[in-house]
Amino acid sequence: MTKRKVIQNTLAITFFTALLFASSIAIACDAMGPSTHMGQLMSVDDTGKTFTIRDAQSQSPLTFTANNEILKGLKEASGSIMVNYEEKDDGGLNAVGVTF
């Protein structure tokens, strides 16, 4: 096998592995069930009583309101977190539980 063919095969395997990994993350939120999002913690705003995650499925930021207990717990969070929430009348999201 030529060096070029080896590189092409390696790139193809890497691409398909990344695609498989991305698709498994993408279905993560749907698989969690209703009123649940999963993603990476991006920020915590104690003053505004909110936190933001990068949603695993949409890759978009989602901001949740939360009580002081949840915000305090998020200070120690690392990696992916799962957020159980209620939708507010104004369309916003209120975290009622967080697992990390």
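The largest nonpolar core of this predicted model comprises 14 residues. Phe 51, Ile 53, Phe 64, Leu 74, Ile 81, Val 83 and Ala 95 are the members that touch the most other members. Two or more residues come to this core from each of strand 2 (50-55), strand 3 (61-65), helix 3 (68-74), strand 4 (80-87) and strand 5 (93-99).

**Overall composition**

- The protein chain contains three helices and five strands.
- Along the sequence, these elements follow the pattern α-α-β-β-β-α-β-β.
- Of the 100 residues in the protein chain, 24% are buried.
- Among the contacts in the protein chain with a separation of 6 or more, 41% are between residues 24 or more positions apart.

**The barrel and its strand pairs**

- Five strands close into a barrel, in the order 1-2-3-5-4 and with mixed pairing. From one strand to the next, the twist averages 55 degrees.
- Strand 1 (residues 36-45) pairs with strand 4 over five bridges, in the antiparallel sense. Opposite Met 38 stands Met 82 in strand 4.
- Strand 4 and strand 5 also run antiparallel, and six bridges join them.
- Tyr 85 has Ala 95 of strand 5 standing opposite, while the bridge partner of Glu 86 is Asn 94, again in strand 5.
- The hairpin of strand 4 and strand 5 has five residues between the strands. In this hairpin, Gly 91 takes a positive phi near 95 degrees.

**The aromatic cluster**

- Two aromatic pairs are found in a search of the whole structure.
- The pair of Phe 51 and Phe 64 is stacked, because the ring centres are 5.3 Å apart and the planes lie at 20 degrees.
- This pair links distant parts of the chain, since Phe 51 belongs to strand 2 and Phe 64 to strand 3, 13 residues apart.
- Phe 51 has a relative accessibility of 0% and therefore counts as buried. Phe 64 is likewise buried, with a relative accessible area of 1%.
- Phe 64 also forms a tilted aromatic pair with Tyr 85, at 5.9 Å centre to centre and with 55 degrees between the planes.
- Because Phe 64 lies in strand 3 and Tyr 85 in strand 4, this pair ties together parts that are 21 residues apart in sequence.
- Tyr 85 is buried, as is Phe 64.
- Through these ring pairs, Phe 51, Phe 64 and Tyr 85 are linked into a cluster.

- Is Ala 66 buried or exposed? Its relative accessibility is 8%, so Ala 66 counts as buried, the cut-off for buried being under 20%.
- Apart from neighbours within four places in sequence, Ala 66 is in contact with Lys 49, Phe 51, Leu 71, Asn 94 and Ala 95.
- Ala 66 and Ala 95 are 29 residues apart along the chain, yet their C-alpha atoms are separated by 5.2 Å.
- Two of these contacts of Ala 66, Phe 51 and Ala 95, are also among the core members that touch the most other members.

- Thr 50 is located in strand 2.
- With a relative accessibility of 18%, Thr 50 counts as buried, because the limit for this class is under 20%.
- When residues up to four places away in sequence are not counted, Thr 50 touches Val 44, Asp 45, Thr 63, Phe 64, Thr 65 and Leu 71.

**Confidence of the prediction**

- The mean pLDDT of the protein chain is 81, and 69% of the residues score at least 70.
- Among the elements, strand 3 has the highest mean pLDDT (98), whereas helix 1 (residues 3-26) has the lowest (50).
- Over residues 16-28, the pLDDT is below 50. This stretch has five contacts in the model beyond near neighbours in sequence.
- Where pLDDT is low, the predicted coordinates should not be read in detail.

Notes: Residues are numbered from 1 along each chain as its sequence is written. This is a predicted model: local features need pLDDT of at least 70, side-chain atom pairs count only at pLDDT 80 or more; totals for chains, interfaces and linings use all residues. Side-chain values use heavy atoms; hydrogens and water are left out. A nonpolar core is a set of buried Ala, Val, Leu, Ile, Met, Phe, Trp, Tyr and Cys residues joined through side-chain atoms within 4.5 Å. Buried means under 20% relative accessible area, exposed over 50%, partly exposed in between (1.4 Å probe, protein chains only). Helices (H or I, at least four residues) and strands (E, at least two) are DSSP runs, numbered from the N terminus. Contact means heavy atoms within 4.5 Å. pLDDT is the predictor's confidence in each residue, from 0 to 100. Rings of Phe, Tyr and Trp (its six-membered ring) pair if their centres lie within 6.5 Å; planes under 30 degrees apart count as stacked, over 60 as edge-to-face and the rest as tilted. Two strands pair if DSSP finds at least two bridges between them. Axes are lines fitted to C-alpha atoms, for helices over the stretch in contact, and angles run from 0 to 180 degrees between N-to-C directions.
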